[in-house]
Amino acid sequence: MGSTSNSRLSVRRVEWCDLESRAVDLIVAAAGYELRGPHVCEELARRQDGHRVLGSKLYLAQFKDRRNEDYRGEVDRRFAEFEPRWLHETDGTDGHDLVRRVTDIVRAGHRGSASATVLIDYSCMTRMMYLPLLRLLRSGITLLFAYSVGYHPPGGEHRYPVSTVGRIGSVPGLEGLALPRRRRLYVFGLGYDDVGNAALVERLEADEFVCYWASPGYAGYWNVPDPGDHVESINHAIIERARYWFAAAWDDVPTVFRELSKISNEVAGSRKVVIVPVGPKPHILAAGLAAEPHGHVAVLAPHLGGGGIRGEVPRVEAAGPVALQEVCTGARLSSGCVA
Amino acid sequence: MTHSSDPSIVIDLPSAKNVPVDDLVKLFVPTRRYWRLLRSRTHHLLLGTRGSGKTIILRMLATSHLRRLADRHEDARRELFEHRRFGVYLPLSIDWCVALGEVSGYNDRVFTDGVNIVAIQAFLEEVEGAIRVVASDNASIDVSASERQLTRQLCDVWFEGVRSPVHSLAALRRLMRRQESIFKSALLSGNPCDSATLREAGFLLYSSSLFGHVQQGAQMANEVMELERDHSWIVGLDELEVLTDTQQKLLATVVRGTHRPLLFKMATLPYSFTDMGTSFAARARVAENREFRTERLQYDPGDSEYRELVATLGCSILRLDVGTSAERTMERVFGNKRFVERAEEAAKRYELGDGAAEKANITGALRAMHGLKGDSRRKVAPVLAIRILRATSRGHRRPQAYCGWDTAMRVSDGNPSLFLRLLWELDRLRAGSECISPGDQHAAISAQAEHLFTSARALYPGGTLLQDTIDRIGRGFASGIHDIPLDRIDEEGNRFVVDLDALSGVEREAFQWGVRHSLLVGETSTSGSSEYPVGKGVWRLGYALCPKYWLLPRRGRVRGVFQGGQLLVAASDEAGQQLLWGPDSSSEVPLDTRGHDPAQEAQRERGARSSDNDAEAI
């Protein structure tokens with residue numbers, strides 16, 4: 001389960017010890033209102049060369065909204081200690097713009113960009129930001145993805161109402177070809193809200209689909225019962241209709257990537273595969289990785305409006321664990337301690 | 001990690017977009033509307049709820065589908081081989097160009113070029129079939145030579161310098177797919193409107209107006225096939241609802257300005273296109289264009305054509321032999337006892353049960369039902385039957401109120417996909433018998449209603465208001481049926497007037513989303529239009545939802561007029577009549593004074609008369 005690859009991409013799980021001796025050319029992170037935002041950078045600075053050095057290669061995307069929230073102020077202050085070299089204001093939907101800026105920086109800094117390594121801390125990014133960055137792989141850049149698990153304070157379940165399906169967008173760069181005459185095979189990465197998931201199936205008129213979900217979920221890091229551990233029973237009615245389903249641990253990107261690649265390859269000549277991931281971010285990353293090499297695979301990003309936070313913003317701090325994945329083209333995985 | 005291992009539990013619930021061509025042809029029942037669209041020489045806009053059959057009709061207008069239909073249908077053969085009706089199907093949910101066309105920094109060019117790239121591919125797939133059709137009865141046309149000639153001509157007018165020669169339409173399709181990839185990549189890496197950048201990346205297609213390439217292609221294909229240069233080609237554009245306002249406006253402009261050889265047949269959800277202006281006249285509306293006909297795609301559940309269509313679907317999916325009539329076969333599967341008969345039977349069975357008050361209620365309703373004659377019986381008997389069945393179901397572990405072929409037709413509400421859902425629910429509950437037990441039918445119909453109600457809250461960001469609105473309407477009418485004293489019963493009703501213009505934005509949005517998902521039905525506009533009501537109109541709860549409130553309305557009158565800017569709880573008027581909306585909603589307006597289509601009402605009346613034998617049908 002530690003690593004997997006297809007003809008174009010290699011994905012493997014790595015640990016902090018891999019990074020300690022590793023040269024990272026650029027770090028891309030996002031500052032939102034979750035306190036876990038700077039956690040990965042802080043941990044990396046502690047293990048490597050300190051704040052200043054890290055800041056000299058830090059590209060920080062700052063969310064435009066909620067600038068006046070207390071939590072946001074704290075996040076900005078902690079990031080400011082790094083003195084990030086590049087700052088960019090974002091609304092979370094301009095992934096195509098982010099790709100261009102990051103590509104330009106890598107090209108400017110590396111004459112032969114093929115050897116560059118970019119670390120992407122996607123803990124606080126929207127999928128419209130970090131999934132388009134997979135495009136960097138086409139330039140031969142190695143990507144390290146870091147995801148810091150959030151700690152949700154107890155008693156906050158009421159803040160998460162039933163999801164409502166808003167606009168269903170497609171991820172820039174992962175829209176796939178149109179293929180108007182092909183049948184569509186949907187692949188739903190289930191979250192733990194059955195009504196929202198069912199509405200998504202309904203909105204997309206998905207009659208032929210596959211499901212996957214996270215099991216085990218984040219339970220070990222939450223102070224509340226983790227509904228992610230019961231996704232199967234929660235979404236029973238949807239799973240019953242699925243052609244095929246599988247589950248993998250919340251941070252098991254290689255397995256989800258392998259399963260989704262297998263599905264995509266099996267129907268490559270007959271279907272357009274549309275992956276609609278709702279579950280944990282590492283699973284969404286795996287969906288993007290599986291779609292990236294294929295013209296017949298697309299990733300949709302449904303905006304689950306009501307599933308967000310109601311009222312006061314919960315204090316989501318870093319729980320501690322960080323899921324690290326290394327992704328590169330071909331089989332150029334670096335040596336090191338493989339999980 | 002675990003995997004599904006039992007594929008046998010999967011029941012097909014085919015979506016029109018996904019049904020393979022061969023299955024589609026088997027499932028498809030050509031209706032009057034289909035032939036009209038195929039033969040019509042004007043642009044059309046089809047408005048219909050999800051599952052109403054828009055996509056199926058548009059797909060079946062395409063040449064590849066019509067060729068297969070021609071093998072089993074004489075009219076289709078004639079239209080294709082004698083009248084050369086050729087068509088292309090193009091769903092506009094082209095994720096990359098629709099999504100990126102609205103990103104700031106890009107402009108209409110992305111949308112225009114993007115749609116053109118995909119439209120060309122769809123056209124090329126159909127033109128091969130068209131050449132074969134013409135060649136089958138025209139000895140002077142050689143398929144290979146014609147394809148080569150057309151390919152060469154198309155390359156000349158579409159592309160700027162194709163490096164390696166393209167000799168076949170199949171190779172041209174592959175080239176277009178590569179062009180799509182190049183264009184899509186250019187969107188992310190630079191300015192896609194910059195011709196020099198695109199050329200550098202290998203993009204060779206000349207820019208043109210929206211559908212300009214297809215128009216050129218159709219004219220050239222006509223010449224190669226020795227037809228008139230302006231011989232019509234149907235372009236079926238599906239899913240217009242995914243387009244942004246700007247994109248819709250651009251499309252409307254092009255459609256209004258385009259004449260032969262392209263005829264556009266477009267389909268979209270209600271309230272997603274109707275008010276779109278055009279870019280050449282801000283106040284001009286698509287619906288007002290004489291060359292542009294708008295049709296609402298909604299069947300009356302009592303319409304014989306609809307019943308035959310759905311019965312054929314049912315037989316096909318349940319793999320039953322149609323025999324002499326599909327509807328007779330389905331009647332055998334579902335049973336077809338009259339509503340009133342079932343109520344009488346249920347009342348007799350209940351004699352064995354307990355519950356003095358319930359028993360008295362049932363006995364009273366049964367006595368009243370038997371005492372009715374003529375017109376009163378037609379109007380009131382269904383209400384009493386509903387009461388009896390409701391009361392008896394409380395004493396039965398396996399209620400049987402919602403069952404029978406007519407009930408199944410009613411809950412499908414003129415929407416074939418709702419019937420397919422019901423079949424799916426039934427298949428989950430029973431094990432492959434040719435007769436579905438009344439208890440299973442009741443359970444499936446109730447489950448479907450509950451499912452529709454539950455999912456309403458999550459369908460869009462304001463779903464809670466939609467669900468709340470449905471609940472208030474349902475409860476209001478249910479109390480009207482169940483709580484009115486016997487001597488005050490007039491007739492069953494499930495219709496009310498709503499003025500969308502008087503609602504707030506979020507309330508109006510709730511009604512519009514309800515319509516799209518068949519939860520609410522905007523029946524007629526009070527201005528007489530058969531399209532979906534825009535201002536004041538007559539509405540009802542979707543029949544598929546009604547069983548949640550124990551209500552299978554029959555025809556009914558308008559119960560009240562919504563006049564305020566706020567949805568209000570049920571209130572009573574001076575006469576004690578339960579109304580949905582108050583306190584200004586006391587005017588009860590009979591349908592026939594509201595200026596709606598008399599033909600529709602006449603049809604409804606015919607349905608009501610024929611349903612005297614079966615009180616469930618309209």
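A few ground rules before we look around. Residues are numbered from 1 along each chain as its sequence is written, and chains are lettered from A, with ligands numbered from 1, in the order in which they are written. Because the model is predicted, local features need pLDDT of at least 70 and side-chain atom pairs count only at pLDDT 80 or more, while totals for chains, interfaces and linings use all residues; side-chain values use heavy atoms, with hydrogens and water left out.

Let's start with chain A. Chain A has 339 residues, and 63% of them are buried. Buried here means under 20% relative accessible area, exposed means over 50%, and partly exposed is in between, using a 1.4 Å probe and protein chains only. Take the contacts in chain A with a separation of 6 or more: 85% of them are between residues 24 or more positions apart. Contact means heavy atoms within 4.5 Å.

Two spots in chain A deserve a look. The peptide bond from Ser215(A) to Pro216(A) is cis, with omega near 0°, and Pro216(A) sits in the loop between strand E10 (209-214) and helix H8 (231-234). Then there is Glu205(A), which has a positive phi, near 50°, without being a glycine. You will find Glu205(A) in the loop between helix H7 (194-204) and E10 of chain A, and it is partly exposed, at 30% relative accessible area.

Now, how do the chains meet? On chain B, 50 residues are in contact with 46 residues of chain A. Together the chains bury about 4500 Å², 53% of it on carbon and sulfur atoms; that area is the accessible area (1.4 Å probe) that two parts lose on being put together, summed over both.

How many salt bridges cross the interface of chain B and chain A? The rule finds 5, counting a side-chain nitrogen of Lys or Arg within 4 Å of a carboxyl oxygen of Asp or Glu. One of them joins Arg421(B) to Glu202(A), with the closest N and O atoms 2.6 Å apart.

Which parts of chain B do the touching? Helices H6 (95-100), H7 (108-136), H9 (169-189), H19 (416-429) and H20 (438-456) of chain B each supply at least two residues to the side that touches chain A. H9(B) gives the most, with 8 residues.

Staying with helix H9 of chain B, that is where we find Gln179(B). Is Gln179(B) buried or exposed? It is buried, with a relative accessible area of 2%. Beyond its neighbours within four places in sequence, Gln179(B) is in contact with Phe159(B), Gly202(B), Phe203(B), Leu204(B) and Leu205(B). A polar atom of the Gln179(B) side chain lies 3.1 Å from the backbone oxygen of Gly202(B).

Our last stop is Ser518(B), in the loop between helix H22 (505-516) and strand E7 (520-525) of chain B. Ser518(B) is not a glycine, yet its phi is positive, about 60°. At 8% relative accessibility, Ser518(B) counts as buried.

Key
Helices (H or I, at least four residues) and strands (E, at least two) are DSSP runs, numbered from the N terminus. A polar contact is a pair of N or O atoms within 3.5 Å; within protein, one must be able to donate a hydrogen and the other to accept it, and residues adjacent in sequence count only if both atoms are side-chain atoms.
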